[in-house]
Amino acid sequence: MNIHEYQAKALLRQYGAPVSDGRVVMRAEEAKTAAGEMDGPLWVVKAQIHAGGRGKGKFKEADAGEKGGVRLTKSVEEAAEEAKRMLGRTLVTHQTGPAGKQVNRIYIEDGSGIEREMYLALLVDRQTSRISFVCSTEGGMDIEEVAAHTPEKILSFSVDPATGYQSFHGRRVAFSLGLTGKQVKECVSLMGLLYKAFTEKDMEMLEINPLIVTDEGSLKVLDAKVGFDGNAVYRHADIAALRDETEEDPKELAASKYDLNYIALDGQIGCMVNGAGLAMATMDIIKLYGSEPANFLDVGGSATREKVTEAFKIITSDPNVKGILVNIFGGIMRCDIIAEGVVAAVKEVGLQVPLVVRLEGTNVEKGKEIINASGLNVIAADNLSDAAEKIVKAVKG
Ligand code: GDP
Ligand code: MN
């Protein structure tokens, strides 16, 4: 689960991190009052979306020369004006995809004088099963670019959970970032509180790009991107309350309401499968036959007819879906439940694309009967390979 920059900064402020004063606004009328609560002389107006690269992003229908989603302004009036101009519009960055994201919230922040921009991240390193620090002197830029062209400028190391964070970890970051004097002390304390926040709140990722040295020579968190482990959010009511559902894929959101394991992808073939392993194999074999899956979906073993109906509706709601493959190996999940769910969903929302169904296992005869009796235009398949071949052929024509 991801949160907005302003929420991440408020959270890190609670842990004692140096962040600027700021106000979030949802309506244009609030912008002037919000900006007026800060002294200036610089006000930074920042679009809040769950994607990075806002500064270099572009608004749809932008005027020539119009800036992206991060704007430096010199007065309360100008700040309010820029906030108004951004609200409600769609911002496209290299992380949003071409569709972009609508800006519904603006953060107006007390501007900082910058001497130097650096990069810092904490993340769960799956290779070592530890939390890693990643830092670089090349801040404010795309870290993927830095990693590709100048990997020597990135330092990364993991923290042994047996000892937890130690001040030498912080000094290691400080020296690699070229910090001196009181900045080293600031860095040791900042890294410690970030590590504490990360572990206490079950974060998955915490990226500060840039971490800056201000013109007064102190460290400051200028941007913050935080993601939490979705499986642990139930332990943190305060974090769950920060969820902004308008930022999430509506299909994934609907799936989560029905407790379905669904992940939206970019391909053409919608998949309804039971069991995560079979779902992965189904995606693989679709690719093998030359197409791409539109989603991962494991309806699980205990799905009801209603759940199956919802799952099918979510798949058909995706405009990219040009064909659907239902692949069920009935064990605990019975084939007749799947068949009933599919038929009920098609009755409700119709079926505009080819549908291949492969049923096997528990109650397979009953399942096939339900589908045959429904009069649905279904292409039957005998096995996984046959099913994949048939749906790819039906879609490609
Ligand atoms: P992102 O583009 O989504 O990563 O948004 P950031 O919050 O990282 O802002 C992009 C860039 O805007 C930063 O790298 C800075 O160069 C600049 N910027 C952001 N806040 C300030 C500020 O308070 N003062 C100044 N001078 N520049 C800022
Ligand atoms: Mn940034």
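Modeller: The bounds of a domain are taken here from an automatic or database domain assignment, and for this protein, a predicted model, that assignment gives domain 1 (21-110), domain 2 (114-240) and domain 3 (250-395).

Colleague: From which domains does the shell around ligand 1 draw at least three residues each?

Modeller: The shell draws at least three residues from each of domain 1 (21-110) and domain 2 (114-240). In total, 18 residues surround ligand 1, and the closest are Lys 46, Arg 54, Gly 55, Ser 112 and Glu 117.

Colleague: Which elements give two or more residues to the shell around ligand 1, and what is the shell's make-up by class?

Modeller: Those elements are strand E2 (43-48), strand E4 (70-73), strand E8 (114-125) and strand E11 (203-214), while by class the shell has seven nonpolar, seven polar and four charged residues.

Colleague: How do you know that domain 1 and domain 2 are in contact?

Modeller: Contact requires heavy atoms within 4.5 Å, and seven residues from domain 1 and five residues from domain 2 take part. The two domains bury about 390 Å² between them, with 23% of it on carbon and sulfur atoms, and their centres, taken over C-alpha atoms, are separated by 25 Å.

Colleague: Why are the peptide bond from Gly 40 to Pro 41 and the phi of Ser 129 worth a remark?

Modeller: Most residues other than glycine have a negative phi, and most peptide bonds are trans. The bond from Gly 40 to Pro 41 is cis, with omega near 15 degrees, and Pro 41 sits in the loop between helix H2 (31-36) and E2. Asn 209 and Pro 210 are likewise joined by a cis peptide bond, with omega about 15 degrees, and Pro 210 is found in strand E11. Ser 129, in the loop between E8 and strand E9 (130-136), is not a glycine but has a positive phi of about 55 degrees.

Conventions. Residues are numbered from 1 along each chain as its sequence is written. Chains are lettered from A and ligands numbered from 1 in the order in which they are written. This is a predicted model: local features need pLDDT of at least 70, side-chain atom pairs count only at pLDDT 80 or more; totals for chains, interfaces and linings use all residues. Side-chain values use heavy atoms; hydrogens and water are left out. A residue is near a molecule or strand if one of its heavy atoms lies within 4 Å of it. Helices (H or I, at least four residues) and strands (E, at least two) are DSSP runs, numbered from the N terminus. Ala, Val, Leu, Ile, Met, Phe, Trp, Tyr, Cys and Pro count as nonpolar, Asp, Glu, Lys and Arg as charged, and the others, Gly among them, as polar. Buried area is the accessible area (1.4 Å probe) that two parts lose on being put together, summed over both.
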